[in-house]
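Here is a briefing on one structure, grouped by topic. Keep the sequence and the 3D view open while reading.

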Amino acid sequence: MKNLKKNTLKTLLDLLYSQIAIVDKDKVIRYANKRFIDEHGKKAVGRECYNVVKEDFRPCAVDESLCPVNKLLDTEEITSRTIHKKGEKDILVEAYRLDSDLYALILNELTGYQYLIKRTKTAEERYKIILDTAPDAIVSIDKDHKIVVFNNAAEKIFGYSKEEIIGKDLNMLVPSYYGDHFSYVKRFLETRKPKIIGKSVVFNAKREDGSEIPVELHISFMEANGEITFTAIIRNVSEQKSLERKLLQSERLAAVGKAVAHVAHEIKNPLMIIGGFSQQIRRHITDKNSLKKIDLILEEVARLERLVANLGDFTKEFRLIKRPSDINLVIKDVLKMMKEIHPEEKYKFVERLSPDIDEVICDPDKIKQVLINIITNAIQAMENGGTVTVATENKDGEVEISIQDEGKGISEEEILHIFEPFYTTRDSGSGLGLAISYKIIEAHKGEIKAISTPSKGTKFIIRLPYC
Ligand SMILES: Nc1ncnc2c1ncn2[C@@H]1O[C@H](COP(=O)(O)OP(=O)(O)O)[C@@H](O)[C@H]1O
Ligand SMILES: [Mg+2]
């Protein structure tokens, strides 16, 4: 190599298909091979490379590191590359550090294989952007049930970060009562009989904090180049589910309400007749036994009249008498009354009232009625005594009242029905307390719901808008 003459080297460079130029650190071309001269003309030497290659009078933007020579200036790197667009063509420009002052530029039009690599890279980037801007969660697993794709929306829904979950078993996201999900995947791979692939299904998914949310899944299956991937597009439908539930609830209430109003109306008059005539007859009776019987009739009539009045409460289109009210004070009033009527050694009432709550425009008497209904239920659920904690809090521009008890709780199945009129699990219950409460809160454009852990307790949460 030592004997290699300068001219031999030049000839060699001229034989190459690539365009080669040697530039100094000011980007002035000191030497260009034949292919370079053919492409850019003899006058290329002595001019700046950006002037020649890009036909631009300005250097390539330094901050965007478009210039591969710039990329080498302040680093230890010896090579860097970039792609210049020239009309339709993409030109790959590679820079090599020769010494501290000289750099070789090698230009090649992107063709064939190189083009494929570039396109693959672009496609990959495009795919990543789509993946991470998609509003739905996208999760893929491989044939071993390991998570291989987990996009930004999935991070939000499930509460795991990509780093935590990629490579982990999908069962981390599946509640255990569905069984071993991997066995379904294996069965499908053996039989190739799709059960849910290609269809939309609603399942519960397990989040990082252990809670569950209903999600709608759409699963696809792909087999390419010997690799198997299952991909699920997942949408959080908890909001939709709770809306559906609420709609069903108010529809049911409306339908039952109408029927009840009709029956109550029909009963009222005959009751009045029975009661009135019984009173009249009673005056003419002297026989003790008959008196006893007629008193029993009167007692029962009075009970039925109370029930009908209660039903009226439930079915009537009641009008709210709204005024600015201090909710904390309303709660204090109710708790004071509760303390008076329940033995203090058995039932404790704790208040955690936020001082930041403004006055709420509401009907305080009706809100009182709701609180009494809920706290009475709480007491009834704590046969052996316990504590009822009532708290208030400012939440998203609304007042949240929560009533927590330590009672027997409500099962998942039962909780769906508690706001229905006449739904009761108590022998002497009317099943109207919560139905009336629901109506009152609904009339305030608020929300009421219950969360319960059987045998631990129940929490009722009421949300009231300020006005
Ligand atoms: N705090 C609670 N703990 C347990 N169960 C409750 C609670 N609140 C309500 N429930 C259930 O909801 C049902 C309906 O309540 P409600 O409408 O007040 O009617 P009632 O009290 O007449 O039964 C109750 O029978 C009970 O099964
Ligand atoms: Mg009740």
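**Strands, core and ligand shell**

Strand β6 (residues 137–142) pairs with β7 in the antiparallel sense, over 3 bridges. Strands here are DSSP runs of E with at least two residues, helices are runs of H or I with at least four, and both are numbered from the N terminus. Two strands pair if DSSP finds at least two bridges between them. The model is predicted: local features need pLDDT of at least 70, side-chain atom pairs count only at pLDDT 80 or more, and totals for chains, interfaces and linings use all residues. Residues are numbered from 1 along each chain as its sequence is written, while chains are lettered from A and ligands numbered from 1 in the order in which they are written.

**The five-stranded sheet**

- Isoleucine 141 has isoleucine 147 in β7 as its bridge partner.
- The open sheet has 5 strands in the order β7-β6-β10-β9-β8, with antiparallel pairing.
- β7 (147–150) and β8 (200–206) are the edge strands; each has a single partner strand, so one side of each is left without a neighbour in the sheet.
- On average, neighbouring strands of this sheet are turned by 35 degrees against each other, direction ignored.

- Strand β3 (residues 79–86) and strand β4 (residues 89–97) pair antiparallel over 8 bridges.
- Threonine 79 has tyrosine 96 in β4 as its bridge partner.
- The β3 and β4 hairpin has 2 residues between the strands, and glycine 87 takes a positive phi near 60 degrees there.
- β4 is joined to strand β5 (residues 102–109) by 7 bridges, and the two run antiparallel.
- The hairpin of β4 and β5 has 4 residues between the strands.

**Largest nonpolar core**

- This core has 35 residues; Leu371, Ile374, Ile375, Ala378 and Ile403 touch the most other members.
- A nonpolar core is a set of buried Ala, Val, Leu, Ile, Met, Phe, Trp, Tyr and Cys residues joined through C-beta atoms within 7 Å. Buried means that 20 or more other C-beta atoms lie within 10 Å of a residue's own, with C-beta atoms placed from the backbone.
- α12 gives the most to this core, with 8 residues.
- Domain 3 (241–315) and domain 4 (323–465) both give residues to the core, so it lies between them. The bounds come from an automatic or database domain assignment.

**Shell around ligand 1**

- Ligand 1 is surrounded by 21 residues, the closest being Ala381, Thr424, Gly429, Gly433 and Leu434. A residue is near the ligand if its C-beta atom, placed from the backbone, lies within 6 Å of it.
- α12 (364–381) and α14 (433–443) each supply at least two shell residues.
- α12 gives the most to this shell, with 4 residues.

Notes: Axes fitted to C-alpha atoms, helices over the stretch in contact; angles between N-to-C directions. Buried ≥ 20, exposed ≤ 12 C-beta atoms within 10 Å, placed from the backbone.
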